[in-house]
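Thanks for coming, everyone. Please have the viewer open while I talk.

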Amino acid sequence: MLDQTPHGAITFGYLSAVVSAEHGYFGGYLLVSPLGRPVEFHCTAPIRPSRAQEILYGPTLQPYLLGEQIAGTLLGKAQSKPQMILTDHDSVLAHRAKSEVPMVGRVLSSNIVSGASLGHLLVSGHSFELAAGFEADREPAIHLLTLLARHVDLSEPFERIHEAIREAQRLGERGSEAHGQAA
């Protein structure tokens, strides 16, 4: 049975972030069944780094915010443990060191480099990278991505996360506008 529940389930986690110039970083985590049906969804409140953090963290700021703060928070909230986590942000792969679950990062076609490497995977026309130092995830990742690709466009759940975050932003803005009008 492919479409299992969170209690005995095969699930796949999709973890993404949206950057808003006005609000900062929003994270979203969607767990889906092998048929692509939602099992759980979580999102974060916006995280806006201070100018001091930008200066002090330098190039490590985004891996810290996305890989530790956002990924750590979202994965900690989930009731289900996925068999694999997919992300569309390389910085989220920094969380692999703290996870028991294989993680892969989606590679946009413009970022594909020529030549194969142990960390590069191509499944159903989608290109992924393994987290650095976790090349042992290669075979399980290929197996799981192939299983998921039977029923799901591997990049489509990211679109659902982005739209859900945008919707939450719209609802939040309406709520603050209504609150401001009522005051």
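Predicted model: local features only at pLDDT ≥ 70, side-chain atom pairs only at ≥ 80, totals over all residues.

Let's start inside. In soluble globular proteins, nonpolar side chains tend to be buried together. Here, the largest nonpolar core has 23 residues. Which members touch the most others? They are F12, Y14, M84, L86, V104 and L145. Several elements give two or more residues to this core: β1, β2, β4, β6, β7, α3 and α4. Helix α3 spans residues 138–149. The largest share comes from α3, with five residues.

Take M84 as an example. Leave aside its neighbours within four places in sequence. M84 is then in contact with T11, F12, G13, V101, P102, V104, A141, L144 and L145.

Now the rings. How many aromatic pairs does the structure hold? Two. One is Y14 with F158, and the arrangement is edge-to-face. Their centres are 4.9 Å apart, with 75° between the planes. The pair links distant parts of the chain. Y14 sits in strand β1, residues 12–20. F158 sits in helix α4, residues 156–182. That is 144 residues apart.

Y57 counts as partly exposed, at 29% relative accessibility.

Next, S16. This serine is in strand β1. S16 is buried, with a relative accessible area of 0%. Which side chains does S16 meet through polar contacts? One is D88, at 2.7 Å. Another is H162, at 2.7 Å. Beyond its neighbours within four places in sequence, S16 is in contact with residues including F26, G27, G28 and H89.

On to strand β2, residues 24–32. This strand runs antiparallel to β3, residues 38–43, and five bridges join them. L31 has E40 in β3 as its bridge partner. The two strands form a hairpin with five residues between them. In the turn, G36 has a positive phi of about 85°.

Y29 is also in β2. Y29 is buried, with a relative accessible area of 0%. Outside four places in sequence, its contacts include G13, Y14 and L15. E40, F41 and H42 are among them too. Y29 and T73 are 44 residues apart in sequence. In space, they are 9.9 Å apart, C-alpha to C-alpha.

One last backbone point. Most residues other than glycine have a negative phi. S124 has a positive phi, near 50°. Where does S124 lie? In the loop between β6, residues 120–123, and β7, residues 126–130. S124 counts as exposed, because its relative accessibility is 53% and the cut-off is over 50%.

That's my tour. Over to you for questions.

Conventions: Residues numbered from 1 in each chain as written. Heavy atoms only, no water. Phe/Tyr/Trp six-rings, centres within 6.5 Å; stacked < 30°, edge-to-face > 60°. Helix = DSSP H or I, 4+ residues; strand = E, 2+ residues; numbered from the N terminus. Buried < 20%, exposed > 50% of the residue type's maximum accessible area, 1.4 Å probe, protein only. Pairing = 2+ DSSP bridges. Contact = heavy atoms within 4.5 Å. Core = buried A, V, L, I, M, F, W, Y, C linked by side-chain atoms within 4.5 Å. Polar contact = N/O pair within 3.5 Å; in protein donor to acceptor, adjacent residues only side chain to side chain.
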